[in-house]
Amino acid sequence: MKYIKSFSECDSNLNLLGGKGSNLVKLYKTKFNVPPGFILTTKAFKTFMKKSTYQKELEKYISKKIQPKEVLSISKNIQKMILDSEIPTDIEREIEYTYTKLKNNSHNSIRFAVRSSATIEDSDIASFAGQADTFLSRKTFQQILISIKKCWASLYSPHALLYLEQLKKMGKKISLDQIFMAVIVQKMIHSDISGVIFTTNVLNNNHDQMLINSVLGLGEGLANNIVIPDTIIIDKESCEIIRQIIGKKEKTVIPDLDNACTKAVPTDITSTNQLCISNNHIKKLHQIALDIEKKYKCPQDIEWAIKNDELYVLQTRPITTLK
Amino acid sequence: MKFLGKGLSCSSKEDALGELIYIKTVQDVIALFDNAQGKICFVQDAGTTTLGPILSDIEGVVCTTGGPGSHLAIVSREFDIPCIMAIDIKTDKLPQLHGKNVKIRTEDQDWGVLYLVD
């Protein structure tokens with residue numbers, strides 16, 4: 001394969017797999033429970049951009065210094081050109097082959113998550129958290145192809161462009177034409193509970209504590225401010241709960257299987273006034289978080305999901321904000 | 001100062017003082033491009049990253065939902081601005097608070113409290 005790498009066949013490589021992809025491969029190779037999938041590398045993105053009918057205009061926009069007031073129109077133009085361009089046939093064939101293989105090895109009800117993985121994302125320079133897009137609950141090959149183009153285009157969304165401008169103001173100079181987008185296509189976990197665990201308590205920068213956020217259903221409810229999560233602070237060494245704040249969790253985000261997207265539904269009232277995560281799950285998470293931090297040698301922000309008592313690791317990134 | 005509501009203080013523990021701007025759409029954010037300084041932005045659910053464009057200029061963020069692990073909180077920490085998530089506040093009062101001077105203060109370690117200063 002020229003443009004696609006499966007999790008098992010490649011090594012961690014930020015420039016080829018992007019931040020999220022690179023970290024996922026490392027997790028997979030260390031035998032953490034990562035849902036199966038593949039990565040369309042930055043080589044595919046570069047080839048797509050180079051072969052686009054709009055190649056010259058795209059190059060001009062991307063190398064240009066952007067004024068904040070121009071961002072909306074420039075972003076709109078770049079994104080339209082990307083969505084209107086065809087994916088080169090050799091790249092499309094590789095995607096179809098790998099997608100079909102993954103689909104045939106799974107249950108009939110399988111859905112996919114199509115996730116952005118920019119070369120700046122989840123790096124130790126910046127989190128880029130939420131700046132580029134993820135598409136959940138995709139099923140057909142056509143839905144996957146469209147989502148891949150949308151992931152590429154999301155590198156140039158108004159908030160992504162302006163986020164980069166803001167980083168420049170803070171002295172972190174990152175040029176747009178030096179950022180590339182890999183895309184992860186992964187089996188989606190229709191989780192019962194999801195969340196994050198920070199291996200340092202980010203509320204007070206206490207390295208002797210960990211902080212867990214948990215929600216019912218998909219993690220999108222937490223990431224995108226749809227739900228008030230449970231917040232649990234545990235002792236890093238003993239795993240003893242130091243403090244717990246029960247979040248309202250009034251909504252639960254679930255896959256919308258008919259429409260290839262997700263939806264927020266009201267949570268059963270009895271689940272809103274208690275922690276949604278059990279002590280056993282907290283213990284499992286604590287151990288996995290310790291193992292991941294040890295592997296990465298710095299404090300981590302880890303996304304996780306639990307389905308039928310099985311714990312999956314969806315992502316890890318360095319905590320970029322500790323003092 | 002009048003107590004308005006309390007949530008989790010998820011970023012800088014510095015006090016923040018500013019004019020409360022109730023953000024409902026991306027257009028509200030664009031309107032702040034050139035005059036975001038001195039503002040404290042209030043967003044309800046799904047406000048998330050639309051604040052990215054102005055985060056380094058505003059004084060603080062307040063959000064009715066989410067938690068320390070939400071993207072908005074993570075990015076607020078990157079820009080080191082005070083950020084209250086999951087604030088417990090009567091939302092029907094929000095439109096009246098638009099344009100008023102408010103203060104974010106961290107109390108009891110990591111509770112973020114919003115006060116009306118006017």
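Begin with H4(A) and H6(A), which are roughly antiparallel to each other, therefore a pair to view side by side; angles over 145 degrees count as roughly antiparallel. This is a predicted model, in which local features need pLDDT of at least 70, side-chain atom pairs count only at pLDDT 80 or more, and totals for chains, interfaces and linings use all residues. Residues are numbered from 1 along each chain as its sequence is written, and chains are lettered from A, ligands numbered from 1, in the order in which they are written.

Select residues 71–84 of chain A for helix H4 and 141–153 of chain A for helix H6. Helices are DSSP runs (H or I, at least four residues), as are strands (E, at least two), numbered from the N terminus. The two helices pack at an angle of about 155°, with axes 9 Å apart; axes are lines fitted to C-alpha atoms, for helices over the stretch in contact, and angles run from 0 to 180 degrees between N-to-C directions.

Next, show A:Gln79, A:Ile82 and A:Leu83 in H4(A), which meet A:Lys149, A:Trp152 and A:Ala153 in H6(A). By class, this contact has four nonpolar, one polar and one charged residues (Ala, Val, Leu, Ile, Met, Phe, Trp, Tyr, Cys and Pro count as nonpolar, Asp, Glu, Lys and Arg as charged, and the others, Gly among them, as polar).

Now colour chain A by domain: domain 1 is 4–187 and domain 2 is 193–318, with bounds from an automatic or database domain assignment. Between them, 20 residues of domain 1 are in contact with 19 residues of domain 2 (C-beta atoms, placed from the backbone, within 7 Å). Last, select H1(A), which gives five residues, the largest share of the domain 1 side.

Technical notes: Angles under 35 degrees count as roughly parallel, over 145 as roughly antiparallel, 65 to 115 as roughly perpendicular and the rest as oblique. Two residues are in contact if their C-beta atoms, placed from the backbone, lie within 7 Å.
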